[in-house]
Amino acid sequence: MRVVIHAPIPMPPAEGEAITVAPGILWMRLSLPMALDHVNVYALEEDDGWTLIDTGFDSKHARATWQALRDGPLGGRPIRRVIGTHHHPDHIGLAGWFMATDGAELMMSRTAWLTARMLVLDQEPRPTPETIAFWRHAGMPEEMVAKRAAERPFNFADMVHPLPLGFHRLTDGAKITFGRRSWKVVMGHGHAPCHATFWSQDDDLVIGGDQLLPSISPNLGVYASEPDADPVAEWLESCGVMADLAEPRHFVLPGHKLPYTGLPTRLRQLIDNHHGALDRLHDALRQGPRTAVGCFDILFKRRIGDSEFGLALVEAVAHINYLRHRGMIRQTGNTGPAALWGT
């Protein structure tokens, strides 16, 4: 029998407020200045304070929201621990701030911590030559390349508080305790390397971060830092591992959108959606060669605007890489600096 995906709590908490989603667990939401306009964060009650799952960006608005949460639903009790599901700035932006203000300990995977700390320290006034070459190779229009090459790019330090030296490492398969529960750590890959999810051993809860979203698929991107990466394969493998663990009873607390049940069905959807995109792409490239950017209409089936272009580009390259690593397509030529891919 197919398990239905269901959101038991139909509306999110207002900013600065919280909803109790399980005994001792508060769901809160912080706004983001982008199309995906929010991130979910969770506070789990401890005997001497709170454990936080993710934090939102570091911004004046986010700090003010956290102050309202501290004064209100968190009852003025200290933050003892921050757990970062993965290294992206909407999830660990204020981790260092809580370490500085509350003496909180930080728990992340080693890869996530090293990546975040490196990116905070790596501040670029303009896109690097490697990034510009990567854009051109993928087929970004030259006028867009010129415009973006002259602009200051997003830097992690814009939205992530400095991370002090020292953290507690999360490893795949480890058993840890927080929020008065025992949890099994299960690492996912593809959206972010060593993305931690947490599976309660005492009740039906799963903390899913961006690995287990209910109604959208997270971005799977390839960047100039590792142009031959294969995040789609990593993602599909991770979904398969978690599908073997998922049960209809599980109640998932995701990084965005609404908490939900129906995890086995959702994982099947996530797997099928990418296989469908790969099949469409392979069929299109059999009809004639395209650049990665030229595959937008096949992969996304809608017009991609300027604000979405960068994320669409890195995801298109990711799907191209999946097919080429398996010998299903090859580079057939160039149009200017852009690679053409076909069968």
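In this predicted model, the axes of helix α7 (residues 231-245) and helix α8 (residues 263-287) come within 9 Å and cross at roughly 155 degrees. Axes are lines fitted to C-alpha atoms, for helices over the stretch in contact, and angles run from 0 to 180 degrees between N-to-C directions. Helices (H or I, at least four residues) and strands (E, at least two) are DSSP runs, numbered from the N terminus. The angle therefore makes α7 roughly antiparallel to α8, a term for angles over 145 degrees.

Which residues make the contact? From α7 they include Trp 235, Leu 236 and Met 242; from α8, they include Leu 270, His 274 and Leu 278. Contact means heavy atoms within 4.5 Å. By class, this contact has 10 nonpolar, 3 polar and no charged residues. Ala, Val, Leu, Ile, Met, Phe, Trp, Tyr, Cys and Pro count as nonpolar, Asp, Glu, Lys and Arg as charged, and the others, Gly among them, as polar.

Now the sheet. It is open and mixed, with 7 strands in the order β1-β2-β3-β4-β5-β6-β7. Strands pair if DSSP finds at least two bridges between them. At the edges, β1 (19-22) and β7 (168-170) each pair on one side only. Strands β5 (residues 79-83) and β6 (residues 105-109) run parallel, joined by 3 bridges. Helix α3 (residues 95-102) packs on the sheet and touches β4 (49-53), β5 and β6. Helix α4 (residues 110-121) lies across β6 and β7, at about 110 degrees to β6.

Residues are numbered from 1 along each chain as its sequence is written, and side-chain values use heavy atoms, without hydrogens and water. Local features need pLDDT of at least 70, and side-chain atom pairs count only at pLDDT 80 or more, while totals for chains, interfaces and linings use all residues.

Terms used: Parallel < 35°, antiparallel > 145°, perpendicular 65-115°, else oblique.
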